[in-house]
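Please consult the sequence and the model while reading.

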Amino acid sequence: MTKPSLPDLLHAAVSAVGGTERPGQVAMAEAVAEAIDDSSHRLIQAGTGTGKSLGYLVPALAHGERVVVATATLALQRQLVERDLPRTVDALHPQLRRRPQFAMLKGRSNYLCLHRLREGAPQDEEEGLFDQFEAATPTSKLGQDLLRMRDWADETETGDRDDLTPGVSDKAWSQISVSSRECLGATKCAYGAECFAEAARERAKLADVVVTNHALLAIDAIEGAPVLPQHEVLIVDEAHELVSRVTGVATGELTPGQVNRAVKRAAKLVDEKTADSLQTASESFERVMELALPGRLEVVPEDLGYALMSLRDAARNVISAIGATRDKSVHDEDAVRKQALAAVESIHTVAERITNGSEYDVVWYERHDRFGATLRVAPLSVSGLLREKLFEDRSVVLTSATLKLGGDFNGVAASLGLSPEGVEGDDVPLWKGLDVGSPFDYPKQGILYVAKHLATPGREGTRGDMMDELAELIEAAGGRTLGLFSSMRGAKAAAEELRGRLENPILLQGEETLGELIKAFAADPKTCLFGTLSLWQGVDVPGPSCQLVVMDRIPFPRPDDPLMSARQKSVEEHGGNGFMAVAATHAALLMAQGAGRLVRATGDRGVVAVLDPRLATARYGSFLRATLPDFWYTTDRNQVRRSLSAIDATAKADGK
């Protein structure tokens, strides 16, 4: 039997979803197939509307070896497993003569833990476990959620948090889930045979395609204990997010509250002297943290150093002691012991990491009005880790709508540990970049407007001229506005000000769940939606409800962001341009994602308005503009108002 051709397979898959192949999609599928066949690596930029999911799924399924697909968002994971993969497998079956299996795999804490559900959750105030359902008050939101989750546990086939609708708070979910460190293990747990997390792992071992997330991919790479099954091909979708997700997984933190909880959990399981030493170390750490001021610690202060060494040593002694004692009076002793051990090991790991000190780590304090001070440690760069762990022994395809920053792939490649394209050498993974474009006609569908006449935004204070400009743009557009702000404070200030000036309803992120806000925004063209980071990347509203996307300023990282400023300084010390490599690259990525909210379908029309004159006047402005879709560009405010009014009038004439 002759092997089916890739064009035939792609045609079958695209026809099954009622579409037709697009040139960019065909080019992408061919590049992915080529990378798989010759075990090489690809960075592929595929603009919105390309159909990139099928562009990588079809060659991956045709390949026949196991493929892992890692993506950043739960929404895309669900779309792949619930919609794209079932349709594609069905469409390809007649030609492939096989039906590839697929499965979704997440971190353990995403699954309901039957042991915790049935035996109880840790209670910080008392020793041991308590029945959280007995304590649940049906009148409280937490109590209602707990009782609803108990009923759901009898019905669910997956135990996956995302299958619980409506969802619950992190606090409620923590009552019935465990981290991998807290898990007893399937062989020791009375519920191991029924465990949802173990069942998900078993399904993944048997699957041809495993859909996971960036965080689990990072854990798999960093912690050395394999979580994902062996695979020959790795496809990273939404690859622009990978570095920040890996950084998040590799970041450690210590808070006085976290240490106190660990002390309480360990107290009953060790002798009094060992428990007292951890308590004393905890108190001395708490005293240091009370005086902590936000900012980077280029050198760990002496008092903090002593407190961390005491914590490290006391935690090590507790870990040894917990392993050597038994106490039959403790209810469900193995679970109590495992949870105490997880809490103390976490403290030991972070305290030791900061105490040992590394030129490759950044340490800093953060302060929160409600939660007090936090001590954090993060890697200065994850590029070496990614180069070593990601690109060995498998073919890797990284794809996103935004991988070319300032016109080429090298900036993103460097953050992934890759050399510039075409550079060969020992231990240098070779890769090729491909931009397959977009099916949209950006110069005809959108306008990029920079409000060049406005004052340059300062760090503090309201921007009266910006508020006036924003109000006028919204009025010209008839609403239909997604407002993307670089800070929550800016979004709130704009919402408060304009709610008093405009008749248009203004929705604000945080006042309702993101899903509900987006639904309400899409349903009423007069409505505006204002928010911050997750809106820059998480909104997909094609059609007339989103015809104006406004960015209040270029979203550079805050100058006092310890990690970003440390990374910038490091680039400069090595002879590079720290501002361009770190701050401008960060801003370019966000702006490209934000601008991508405007045109989501071939019939969409509108304006991306940037209310920061630096995009037009600063030297780095051309770098940022080169990253954005190729919209028609203007700084003429009157022209933009006329265009918005015309787009609004057309939509109204169409009854929208």
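Q: How many of the 656 residues in the protein chain are buried, as a percentage?
A: In this predicted model, buried residues account for 52% of the 656 residues in the protein chain. A residue is called buried when its relative accessible area is under 20%.

Q: Why is Thr-374 called buried?
A: The relative accessibility of Thr-374 is 11%. The limit for the term is under 20%, and therefore Thr-374 counts as buried.

Q: Where is Thr-374 found, and which residues does Thr-374 touch?
A: Thr-374 belongs to strand S11, which covers residues 372–379. Leaving aside residues up to four places away in sequence, Thr-374 touches Glu-253, Leu-254, Thr-255, Met-289, Trp-364, Tyr-365 and Glu-366. Such a contact requires heavy atoms within 4.5 Å.

Q: What makes up the protein chain in terms of helices and strands, and why is the chain called as compact as a globular protein of that length?
A: The protein chain contains 27 helices and 20 strands. Its radius of gyration is 26 Å, and the globule rule gives 26 Å for 656 residues; the two values are close, so the chain is as compact as a globular protein of that length. Along the principal axes, the C-alpha atoms fill a box of roughly 75 × 70 × 60 Å.

Q: What percentage of contacts between residues at least 6 apart in sequence join residues at least 24 apart?
A: In the protein chain, 76% of these contacts join residues at least 24 apart.

How values were computed
Residues are numbered from 1 along each chain as its sequence is written. This is a predicted model: local features need pLDDT of at least 70, side-chain atom pairs count only at pLDDT 80 or more; totals for chains, interfaces and linings use all residues. Side-chain values use heavy atoms; hydrogens and water are left out. Helices (H or I, at least four residues) and strands (E, at least two) are DSSP runs, numbered from the N terminus. The radius of gyration is taken over C-alpha atoms; the globule rule is 2.2 Å times the number of residues to the power 0.38. Buried means under 20% relative accessible area, exposed over 50%, partly exposed in between (1.4 Å probe, protein chains only).
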